[in-house]
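Here is a short briefing to read alongside your model. Take a look at the sequence and the fold, and then we can walk through how the pieces pack.

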Amino acid sequence: MATTRHAAPRDPAIIRRVATFGAADGLGIVLGLIAGMIVSHQPPRAVWAAALSGGIAELFSMANGQRISDPRSGWPPAITIGAASLAGCAIPAIPYSFSSGTAALTAALALCAAAAGVISWARPERGALAVVETFGLLIITGAACSAAGLWL
């Protein structure tokens, strides 16, 4: 029995959709990690290691999830969502690789806000709804994970 191979879609809308999803997912994870680890007084290198490790796990997990959930779309969307997830996790935590305290937290929050702005712009609905939903969810995530970090 012959297997039919589907050509990987080159539709920019698909690539943009999965990149937005991956970046939002990675950003939510790293914000939760940073919030929980900072309030529980973990060292900066541990925050950086957790974010980078989480990003690498996201790379493989999200890419595989995309591939198995939509096999017809091929590898470009899978690689895109994995790379966007890794970037969403790792980029905001970079300050913890070389800094600590208020300076690292301020830089990390600025990077999170910049990434959330890009995600809001990339969302199909754009405008105020995209901004409120994107930033609102990140604030709720940060607050919930901070509470978990304090509880621990």
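Helices α1 and α4 run roughly antiparallel to each other, because the angle between them is about 155° and anything over 145 degrees counts as roughly antiparallel. Their axes lie 10 Å apart, and the crossing of α1 and α4 is left-handed. Please keep in mind that this is a predicted model.

**The α1 and α4 pair**

- On the α1 side, the contact with α4 uses Arg-16, Thr-20, Ala-23, Ala-24, Leu-27, Leu-31 and Ile-34.
- Helix α4, which spans residues 101-122, answers with Ala-108, Leu-109, Cys-112, Ala-115, Ala-116, Ile-119, Trp-121 and Ala-122.
- Sorted by class, the residues where α1 meets α4 are 13 nonpolar, one polar and one charged.

**The α1 and α5 pair**

- Helix α1 also packs against α5 (residues 127-151), with an angle of about 35° and a distance of 7 Å between the axes.
- The crossing of α1 and α5 is right-handed.
- From α1, the residues that touch α5 are Leu-27, Gly-28, Leu-31, Gly-32, Ala-35, Gly-36 and Val-39.
- Their partners in α5 are Leu-138, Thr-141, Gly-142, Cys-145, Ser-146, Gly-149 and Leu-150.
- The contact of α1 with α5 holds seven nonpolar and seven polar residues, and no charged ones.
- Leu-27 and Leu-31 of α1 take part in the contact with α4 and also in the contact with α5.

**The α2 and α3 pair**

- Helix α2 covers residues 44-69 and helix α3 covers residues 75-90; the two pack at about 160°, with 7 Å between their axes.
- That angle is why α2 and α3 count as roughly antiparallel to each other.
- Their crossing, that of α2 and α3, is right-handed.
- Among the α2 residues in this contact are Trp-48, Gly-54, Gly-55, Glu-58, Met-62 and Arg-67.
- The α3 side includes Trp-75, Pro-77, Ile-81, Gly-82, Ala-83, Ser-85 and Cys-89.
- In total, the residues joining α2 and α3 divide into 15 nonpolar, five polar and two charged.

**Two residues to look up**

- Ile-14 sits in helix α1, which runs over residues 12-39.
- Its relative accessibility is 19%, so Ile-14 counts as buried, the limit being under 20%.
- Ile-14 and Ile-81 are 67 residues apart along the chain, and 10 Å separates their C-alpha atoms.
- Ile-81 also belongs to the α3 side of the contact with α2.
- Ser-40 lies in the loop between α1 and α2.
- With a relative accessible area of 24%, Ser-40 is partly exposed.
- Between the C-alpha atoms of Ser-40 and Ala-83 there are 29 Å, with 43 residues separating the two along the chain.

**The chain as a whole**

- The chain contains five helices and zero strands, so its elements read α-α-α-α-α from the N terminus on.
- Along the principal axes, the C-alpha atoms fill a box of roughly 60 × 35 × 25 Å.
- The chain has 152 residues, and 35% of them count as buried.
- Contacts between residues at least 6 apart in sequence join residues at least 24 apart in 69% of cases.
- The chain's accessible surface is about 8600 Å², and carbon and sulfur atoms account for 71% of that surface.

Conventions: Residues are numbered from 1 along each chain as its sequence is written. This is a predicted model: local features need pLDDT of at least 70, side-chain atom pairs count only at pLDDT 80 or more; totals for chains, interfaces and linings use all residues. Side-chain values use heavy atoms; hydrogens and water are left out. Axes are lines fitted to C-alpha atoms, for helices over the stretch in contact, and angles run from 0 to 180 degrees between N-to-C directions. Helices (H or I, at least four residues) and strands (E, at least two) are DSSP runs, numbered from the N terminus. Angles under 35 degrees count as roughly parallel, over 145 as roughly antiparallel, 65 to 115 as roughly perpendicular and the rest as oblique. A crossing is left-handed if the near helix is turned anticlockwise from the far one by less than a right angle, and right-handed if clockwise. Contact means heavy atoms within 4.5 Å. Ala, Val, Leu, Ile, Met, Phe, Trp, Tyr, Cys and Pro count as nonpolar, Asp, Glu, Lys and Arg as charged, and the others, Gly among them, as polar. Buried means under 20% relative accessible area, exposed over 50%, partly exposed in between (1.4 Å probe, protein chains only). Accessible areas come from the Shrake-Rupley method with a 1.4 Å probe; for residues, only the protein chains shown count as cover.
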